[in-house]
Structure formats: structure tokens, C-alpha cells
Amino acid sequence: MKIAENTEELQQGLDREVLLHRIANRVRQSLELAEILTATVAEIRSFLGTDRVMVYRFHANGSGEVIAEAINPNRLSSLLGLNFPADDIPVRVRDLFVKTRQRSIVNVASQQIGMSPLDCSETGKPLNADIKYRPADSCHIQYLTAMGVKFSLAVPILYREQLWGLLVSHHCEPRSITDAEMELVQRVADQMSIAIAQSTLLSQTREKAQREATINRVATILHTLQTPPLQTALEEIVAVLQGCGGRLYINADNILSAQLYSCGLQPIIASQREDNSLDRHPVWQKWISKCLKHTHLELAVGGSGVPWLIRDIYNEIELQGLAEIFRDRGIRSLLVIPLFYSQQSLGYLTIFSQEITTEILWAGRFDSTSQQMQPRQSFEAWREFKSGQPREWTAGEIELAQALGNHFSMAIQQHQLYQQVQALNANLEHQVKQRTHELQQSLELAKVLKQVTNQIRSTLDLPTILQTIVQEIRKLLNTNRVIVYRFLQSWEGKVLVEDVTDKNLSILGQIYEPNCFPVEYTYQYQAGRVRAINNILEAGLSACHIEFLQKIQVKANLVVPIRRSDRLWGLLIAHECDAPRNWHNYELDLLQQLADQAAIAIHQAELYEQSRAAAATATQKAEHLEFALDALQRTQAQLIQTEKMSSLGQLVAGIAHEINNPVTFINGNIDYIKEYTHHLLSLLELYQQDYPKPTPRILERIDDIELEFLIQDLPKMLSSMKVGADRIGQLVLSLRNFSRLDESARKPVNIHEGIDSTLVILQHRLTAKPNYPAINLVKEYGKLPLIECYAGQLNQVFMNVLSNAIDALEQHDEKRTPAEIKTSPSQITISTEIKNQDEGATSLSSVVIRIRDNGPGIAEAVRGRIFNPFFTTKPVGKGTGLGLSISYQIVVEKHGGVLRCMSQPGQGTEFWIEIPFQ
């Protein structure tokens with residue numbers, strides 16, 4: 001009787017472990033939370049034998065919803081999809097679920113509630129306390145009675161130390177809960193926490209990828225053309241943020257010149273004034289000005305300029321004057337995105353959202369506006385509708401809006417700068433037309449000027465542009481030296497580019513301190529001063545300045561500032577070094593125009609560099625995201641496969657150890673048994689010689705035991721036992737060689753032993769079975785030295801490749817007739833050889849292991865994906881798609897080798913494994 005009870009307990013323990021193993025595998029193999037929870041509650045209900053097992057998830061406001069349920073419909077009504085108010089589970093109870101990981105068991109018949117905390121409420125340390133029962137609250141008993149429940153078990157599900165939900169079991173009849181069942185349910189709840197973490201990470205990754213795709217799509221619209229299609233981009237962002245309408249307001253010096261784009265539903269201001277736009281309404285302008293000022297201060301201290309959210313316009317005090325205008329159009333909430341560039345306000349983007357109707361399916365009818373004082377008597381589904389509700393904007397939507405606002409700001413700023421450049425070019429061309437009659441004498445120079453301008457506009461490489469400018473100016477002016485001088489810190493300067501007639505005149509790259517360059521000159525040049533000096537000795541320069549110019553052999557010069565907005569960027573200077581020179585006005589105008597073009601080119605080049613840097617940053621982020629996703633997949637695959645192979649290795653090593661002890665005992669004593677048997681038979685023979693006439697009783701016994709046959713068969717039987725024991729010893733050695741649990745580091749091993757050990761383990765799959773014919777095995781081993789490698793991991797590669805080959809051959813044989821199988825039986829060929837580094841070289845490079853089958857082969861489209869994580873062509877449940885992915889990492893990444901697949905449909909498949917010696 002006691003043995004039967006122990007057997008039943010062992011079976012129950014085994015059932016619990018099998019259940020936990022199935023649930024853990026499901027968590028590892030699937031990232032879909034709903035699928036995991038649905039399967040888990042079904043498994044637990046089947047194990048506990050209760051009428052209902054469900055997962056209850058809490059909302060942010062304390063209410064909750066049943067999101068997964070397994071139920072006996074003949075005994076209880078389904079609660080799946082129903083919501084429960086926050087008052088059903090008081091705050092103090094929810095706090096105990098978090099602080100102590102409290103488990104509660106309610107027996108309605110005895111009106112007792114059992115508490116089983118896992119952690120101490122004061123210290124937070126784990127407890128081993130038993131379940132403590134006390135009288136249950138009458139409201140709680142009435143609540144469960146109305147639900148038709150006599151037994152209730154609730155176990156908290158925690159995520160990031162917060163109460164995520166409850167794992168609940170209900171039964172219509174009184175029952176008790178054993179410690180083993182409680183432990184099982186708790187471990188299942190812990191597995192659910194892992195599944196929730198994995199699902200949350202997947203959801204966040206998907207949301208981030210979708211957000212990046214949306215940002216890239218809008219950025220493409222804004223940055224593709226020189227004139228960004230702001231209307232199209234506005235419609236796109238309104239659609240993305242699921243608004244009912246939107247407005248884009250771009251600032252201008254004059255409010256009447258401000259640009260306005262709108263789409264979708266708009267508030268209408270009824271006014272007798274001609275100007276009845278929302279953006280010019282005093283209430284709106286006052287509120288917008290306050291928000292813009294706040295954003296400007298936030299940016300000044302390093303903030304990011306978060307969008308302004310008005311959840312309920314009707315209750316916003318500062319917009320009370322506009323509440324009716326929005327109410328008439330059904331607009332309830334809005335999101336305003338400030339547009340700033342380098343702390344300069346460019347305008348704002350407004351997204352409108354209409355009122356929404358919420359629908360919640362409650363478990364029982366109740367008044368949601370007041371606290372529940374009595375338990376509900378019915379849990380029949382009640383659908384609650386609330387119309388005219390403000391929209392709840394999510395943190396992801398606000399983050400997306402901020403990112404899109406940054407792209408709008410960049411596009412608007414770039415467009416305004418482009419318009420400024422266009423305006424400057426247009427103004428320059430207008431001046432050229434007005435002064436054509438004054439420049440007839442320099443017509444040829446003007447043609448060359450236009451040619452230089454076109455060259456400047458044809459490239460955005462700043463050094464090339466500046467070098468082109470100084471070369472053309474020197475040729476046109478026929479002077480000795482032309483330089484671009486750029487100001488550094490504290491009015492120091494550096495010769496950035498130059499063009500000279502003689503290398504002896506070169507001053508390229510030299511840096512000059514401002515000692516002999518009066519500071520007032522820099523202020524004058526910054527104000528736009530242009531100076532022509534015909535003779536440095538007659539220009540009234542200081543002695544120090546004259547000495548400085550004489551050191552660089554200057555006799556006359558022409559100086560024009562290069563300005564970026566109101567900042568002095570540098571100087572464009574022409575030097576005459578042979579003799580004094582009288583400069584003409586057209587030469588000064590020429591230099592001035594090219595300096596302006598240089599400023600524009602510098603500005604365009606800087607904008608180009610900024611756009612390239614932004615594009616490079618976006619590309620780098622996308623690459624980092626792709627790399628992170630790939631690394632996550634590979635890490636997850638490796639963890640799963642490593643855990644599986646580690647468990648298999650431990651199992652194999654344990655079995656080998658347990659078998660080895662008795663086999664060693666048998667093998668060590670067989671020789672002695674043979675010797676003892678020989679002595680006994682010799683003694684028997686002496687007895688027969690000395691007493692040739694035995695008694696009748698002895699003769700009868702000789703006949704009964706067939707003495708003559710026994711004397712002949714006993715030595716043969718001992719020899720057979722010796723062969724069997726040796727065979728078992730070889731099998732144990734092969735199992736230990738395959739597992740190699742004690743060989744985690746690289747060490748020299750015999751590759752052939754690893755292959756043979758793997759084949760011993762797979763021998764049962766190679767031999768003939770009722771449903772499958774035998775698979776022939778051909779070994780073509782070359783002479784190999786010991787190879788330094790990770791033996792256990794390499795055995796794993798052999799196991800994965802050989803198992804896939806056997807699977808392919810078995811599937812192929814299922815589709816063939818017996819005659820076809822007899823004509824061309826399935827076969828696996830394993831060959832090894834040494835590959836030299838170069839043809840004819842004496843140094844050894846690597847060892848090659850080729851595993852080839854004569855199966856159906858692999859199509860090109862499939863062959864290109866076989867090393868991808870989770871890719872498999874096997875039926876559901878027969879493969880995880882991790883074997884070849886892990887094998888590729890082991891061979892290529894861990895050993896620096898080569899793993900490739902060569903196959904053609906109908907011609908079999910060969911895997912080439914190459915492991916370097918070093």
C-alpha cells in the first residue's frame with residue numbers, strides 16, 4: 001500500500017514537472033502573449049481539475065479585465081473579456097500582492113480565507129510560512145457566492161516589481177489546495193512574468209520600428225524637394241496621429257505675411273472682421289505666446305521642447321473664450337507641436353482630435369461614478385457606453401509628434417535659407433542688369449565671373465569651391481597672390497587656400513596673430529568695409545602693419561570681407577608683390593561679387609554637411625536597430641539551444657556514468673569466472689577419470705543437467721558475456737566522448753572519435769524500422785592529427801547536420817516505392833581530409849569534414865535561408881529552426897571556420913565543415 005502511495009506521489013510530481021516543462025518551452029518558443037496565456041490556463045485547469053482558471057490583468061486605474069480563461073461551461077459562466085471595477089480588489093489587498101507576493105485561498109463553505117505570503121512585508125526577504133486561515137470578510141463570501149464559486153485561489157503575477165495581474169482558479173465545490181499544487185501554480189505565475197517581459201520587449205521593438213518608419217516617410221516628403229510640400233506632410237502627420245484635422249502656422253516678421261496650412265476639420269470663428277482666423281484670435285495668441293515662451297526657456301536650459309497637450313479643451317481655463325468654437329465642431333482635445341530651430345521659433349503645428357465614445361464590457365451592472373459599498377448580485381455582462389469623452393494621447397504618440405516636429409522645423413528652416421539664397425542671387429542678377437552699361441569695358445571679365453559662379457554652384461565641396469575662386473581671381477586680376485584668410489579664435493587668422501605665381505610667395509597654412517592687425521579693422525570688415533590699397537607705404541598704415549605686409553612681400557592689396565549673416569567669417573585678399581598697383585572699381589566689384597558667392601557657397605556647404613550628418617545619424621540608428629534585433633534573435637536562439645544541449649549532455653553523461661559502474665564490475669570479474677570455471681571443469685574431469693563408474697543417483701543428475709552440453713556451452717557463454725560487456729563499455733565511452741561536459745575550453749581532440757560518438761547515439765535512427773528502411777553509412781576517413789577545438793560544441797554541429805540528413809532521407813523514403821528504395825537505398829557518406837594552405841604547400845591549414853546524403857536536395861530559395869535563426873522546413877513540432885543557426889555560430893564565430901551547404905534539387909545535399917588548425 002505504501003509503495004502504491006509513493007508511486008502515485010512520484011507520478012504526480014512527474015506530471016507537475018512535465019507541465020512546467022511544456023509551459024516553459026512554450027514561453028521560449030513563442031512571443032505571442034495571448035497564445036501563451038490561453039494555453040497555460042488550459043494546462044493548469046486540466047492539472048488542478050477546477051472549473052475555471054483565468055488570467056486577470058490590472059489597468060492603470062486599478063480596474064481589470066479577464067484576458068485568458070479555461071472553463072467548464074456546464075458549471076460556470078465565462079468571464080473572458082469582462083472588466084471588473086477597481087473597488088472589487090481594494091488597494092490594501094493589491095499592495096499585499098506586491099509587497100509580500102500574497103497568495104489567497106478562499107473556502108466559501110467554511111467562510112475561511114487562507115493567506116500564504118512569499119516575502120516578509122517588513123524586510124522583503126523570502127518566507128517559508130504555511131498557509132494561515134482566518135474568517136473571510138462577509139462581502140468577499142457574498143461576492144464569490146453570487147459568482148457561483150465555492151473555492152477560489154489567487155496568485156499575483158508581477159512584472160518589474162509591479163502588480164501586472166492575477167492567476168485565478170475557481171471551483172463550484174469546496175476543495176483544498178496542497179503545497180505541491182500551490183508551488184506549481186506559483187511557478188507557472190513566475191513563467192508568466194517571463195512571458196510578459198518577452199512580449200513587452202517585442203511590442204516595444206515593433207512600436208519603435210513602426211515609429212522610425214513613419215518618421216522616415218514624413219522626412220522623405222519634407223526633404224526630397226527644395227520647396228518642401230508642407231501641405232502633403234501636414235496631411236500625413238494628421239493621419240499618422242489619428243487626428244480629425246490640423247494646422248501649420250509659420251511665423252513671419254509681419255503677422256499678415258505668416259503662412260498657414262490646414263487640413264481636415266477646423267474650428268470656425270464667426271466674426272464680422274475680415275481677419276477671423278484662429279491663429280489671430282486674441283485668446284489663442286495669448287495662450288500660444290505663453291507656451292512658446294515656456295518652450296524657449298526650456299530649450300535654453302537644454303530641454304527638448306515637448307509638445308503641449310490639451311486633453312480637454314472644454315475644461316481648459318485659459319481657452320474658455322474658444323471652448324464653444326471647438327464644441328461646435330466636436331473638437332475635444334488638441335496637441336500643439338512647437339517648431340524651433342537653434343532656439344529660434346519658426347511657428348507651431350496643431351493636431352485636433354474629436355470627442356470619442358468609449359465602450360467597456362463590465363462583469364455586472366454598477367454605478368461607475370461612485371464607490372461600491374455592497375457586492376454585486378449578478379455578473380452578467382453589461383456594456384457601458386460613454387459618449388463625448390476626450391481622447392487619451394499616448395506617450396508614444398507624443399514622442400512621435402516631437403520627432404516629426406523636428407523634421408518640420410529643419411525643412412522650414414532649410415526652405416527659408418534657400419529662399420534667402422535665392423533672394424540674394426536674384427538681387428545680384430538685378431544689380432548686374434542695372435549696371436550693364438557701366439561694365440561694357442569688362443564684358444569679358446563678366447563672362448568669366450559667370451563661369452566661376454557656375455563652377456561654384458556645381459559642387460558643395462568647400463575646399464574645391466574656395467580653390468576655384470582664388471585661381472580664377474588671380475588669373476582675372478593678373479596679380480601675384482590671392483588668398484582666403486579665415487578668422488579663428490580671438491581674431492587670429494589662417495591662410496586657408498591660395499593661388500600664387502611663384503612657390504616662393506606661398507604662405508598657405510600660416511597662422512597670424514592679431515598683434516599688428518588693428519582690432520578696429522575687424523569691426524569695419526564685419527560691417528562690410530571693402531578696402532583697396534594701391535601702395536602700402538602711402539596708405540597711412542601703422543609701422544607695425546607695414547612691417548608685417550613687407551615680410552610677406554606685399555606692395556599693394558585688395559581686401560574684401562566674407563560674411564556669414566552678421567558674422568565675419570574671413571577675408572578674400574589679392575596681393576600685388578612686384579610693385580604698387582592702382583586698383584580699378586570693376587576689379588573691386590569683381591572681388592566683392594566673388595566674396596558674396598563664396599559666402600553663399602560656404603553657407604550651402606555647411607547646410608550640406610549638416611544634412612549629410614543628419615542622414616548619417618539616421619542611417620547609423622537604423623543599422624544599430626537592425627544589429628540589435630539580429631543580436632537579440634541570435635542570442636535568444638543560442639540560449640535556447642545551449643540550454644537544450646546542456647540538458648542533453650548532462651543526461652547523457654549521467655546515464656553513461658550509471659551504466660559504467662556495473663559494466664566495469666562485470667567486465668572485471670568475467671576473467672576470474674572463466675578461470676574458476678576452468679578449474680571446476682578440470683576437477684570434474686579428474687573425478688570422472690578416478691571414478692569412472694558413478695552411482696545411479698549421480699548418473700540421473702548428469703542426465704537432468706545435460707552435463708556434456710553444459711561443459712561445451714559454459715565457456716562459450718562466458719566469452720559472449722565478455723563481448724557484450726566490452727560492447728557496452730564502448731557505448732559508454734562514446735556517450736562520454738559526445739557529451740564532453742568537462743571540456744569547455746579549446747583542447748586537441750580526435751575528430752573521428754567525436755563523429756563516431758555522434759553516430760553511436762544516432763545508431764537507432766540508421767537501422768531499419770517498420771516504417772523506414774535502413775540508412776547506409778559510408779566512412780571515408782583521412783589521416784588527421786589532433787585538432788584544437790571546442791569538442792562538445794563541435795559534436796553538437798555533427799549531431800545537428802547528421803540529424804537533418806536522416807530527417808531528409810526519411811521524408812524522401814516516405815514518398816518512394818519499395819522498388820525505388822531497393823534500387824537506390826538511402827545513404828550518408830562522411831569523409832575527412834586535410835586542406836593545405838596553398839596548392840603544393842607543406843604547411844597544414846585546416847581539416848575538412850564533408851557530410852553528404854543522396855536525398856531530394858534543397859532548392860536555391862531555401863538554401864539561402866537555412867542558417868537563419870528560427871527558419872525550418874519541418875512540420876510544426878518537429879523542429880525549432882535553431883540547429884543550423886547555432887551550428888553556423890559554432891563553426892564560423894567560435895572556431896573561425898567555414899560552414900556551407902552545397903545542394904541541387906534531386907542531387908542530394910553536402911555540408912562542408914572546415915575547422916582551422918589554429
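About 1000 Å³ of space lies in the second largest pocket, a pocket being an open set of points on a 1 Å grid over the protein atoms alone, where a 1.4 Å probe fits, with protein on both sides within 12 Å along at least five of seven lines; the volume is the space filled by probe spheres set on the points. The model is predicted, so that local features need pLDDT of at least 70 and side-chain atom pairs count only at pLDDT 80 or more, whereas totals for chains, interfaces and linings use all residues. Residues are numbered from 1 along each chain, and side-chain values use heavy atoms, without hydrogens and water.

The lining of this pocket comprises 36 residues, of which Asp87, Asp88, Ile89, Pro90 and His140 lie nearest its centre; lining residues have an atom within 4 Å of a point. By class, the lining divides into 22 nonpolar, eight polar and six charged residues.

The axes of helices α2 (33-48) and α5 (179-223) come within 10 Å and cross at roughly 175°, and the two helices are therefore roughly antiparallel (angles over 145 degrees). Their contact, defined by heavy atoms within 4.5 Å, involves residues including Leu33 and Ile36 of α2 and Glu181 and Leu184 of α5.

Key
Ala, Val, Leu, Ile, Met, Phe, Trp, Tyr, Cys and Pro count as nonpolar, Asp, Glu, Lys and Arg as charged, and the others, Gly among them, as polar. Axes are lines fitted to C-alpha atoms, for helices over the stretch in contact, and angles run from 0 to 180 degrees between N-to-C directions. Helices (H or I, at least four residues) and strands (E, at least two) are DSSP runs, numbered from the N terminus. Angles under 35 degrees count as roughly parallel, over 145 as roughly antiparallel, 65 to 115 as roughly perpendicular and the rest as oblique.
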